[in-house]
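Hello,

Here is the structure I promised to pass on to you. Have a look at it first, and then read my notes below with the model open beside you.

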Amino acid sequence: MSPIQKYAIGAGIAVLVSMIFLPGWVTLLVVLGVIGAPVVGYLMLDPSQRERLKRARRRGIGR
């Protein structure tokens, strides 16, 4: 299982648990945090770091 799949499963579980135990607006904050954190982290990278990350994903580091 790839790291991206693990992240997606963990995010789904976090959202489901928050939907069951927390009020609606808190669930919305959890969803925004789960989606927003990686996006903000990616956007904070320099263009050269983004390119290095793209190359690493294509190459499949760790295989």
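Let's start with Arg50. Arg50 counts as partly exposed because its relative accessibility is 24%, and partly exposed covers the range between buried, under 20%, and exposed, over 50%. Please keep in mind that this is a predicted model.

Arg50 belongs to helix α3, which covers residues 47-59. Which ring does Arg50 lie over? It is the ring of Tyr42: Arg50 sits over its face, 5.3 Å from the ring centre. Arg50 and Gly12 are 38 residues apart in sequence, and their C-alpha atoms are 26 Å apart in space.

While we are on rings, how many aromatic pairs does a search of the whole structure find? The number is 0.

Next, go to helix α1, which spans residues 3-21.

- Ser18 is in helix α1. Its relative accessibility is 5%, so Ser18 counts as buried.
- Tyr7 is also found in helix α1. With a relative accessible area of 45%, Tyr7 is partly exposed.
- Ile20 has its place in helix α1 too. Ile20 counts as exposed because its relative accessibility is 62%.

Ser18 has a contact you can look for on screen. A polar atom of the Ser18 side chain lies 2.8 Å from the backbone oxygen of Val15.

Now for helix α2, which runs over residues 24-43. Gly36 lies in this helix, and it counts as partly exposed because its relative accessibility is 24%.

Finally, here are two distances that you can check yourself, both from C-alpha to C-alpha. Gly36 and Val15 are 21 residues apart in sequence and 13 Å apart in space. Tyr7 and Val34 are 27 residues apart along the chain, and 9.5 Å separates their C-alpha atoms.

Best wishes

Definitions and conventions
Residues numbered from 1 in each chain as written. Predicted model: local features only at pLDDT ≥ 70, side-chain atom pairs only at ≥ 80, totals over all residues. Heavy atoms only, no water. Helix = DSSP H or I, 4+ residues; strand = E, 2+ residues; numbered from the N terminus. Buried < 20%, exposed > 50% of the residue type's maximum accessible area, 1.4 Å probe, protein only. Phe/Tyr/Trp six-rings, centres within 6.5 Å; stacked < 30°, edge-to-face > 60°. Lys NZ or Arg CZ within 6 Å of the ring centre and 35° of its normal. Polar contact = N/O pair within 3.5 Å; in protein donor to acceptor, adjacent residues only side chain to side chain.
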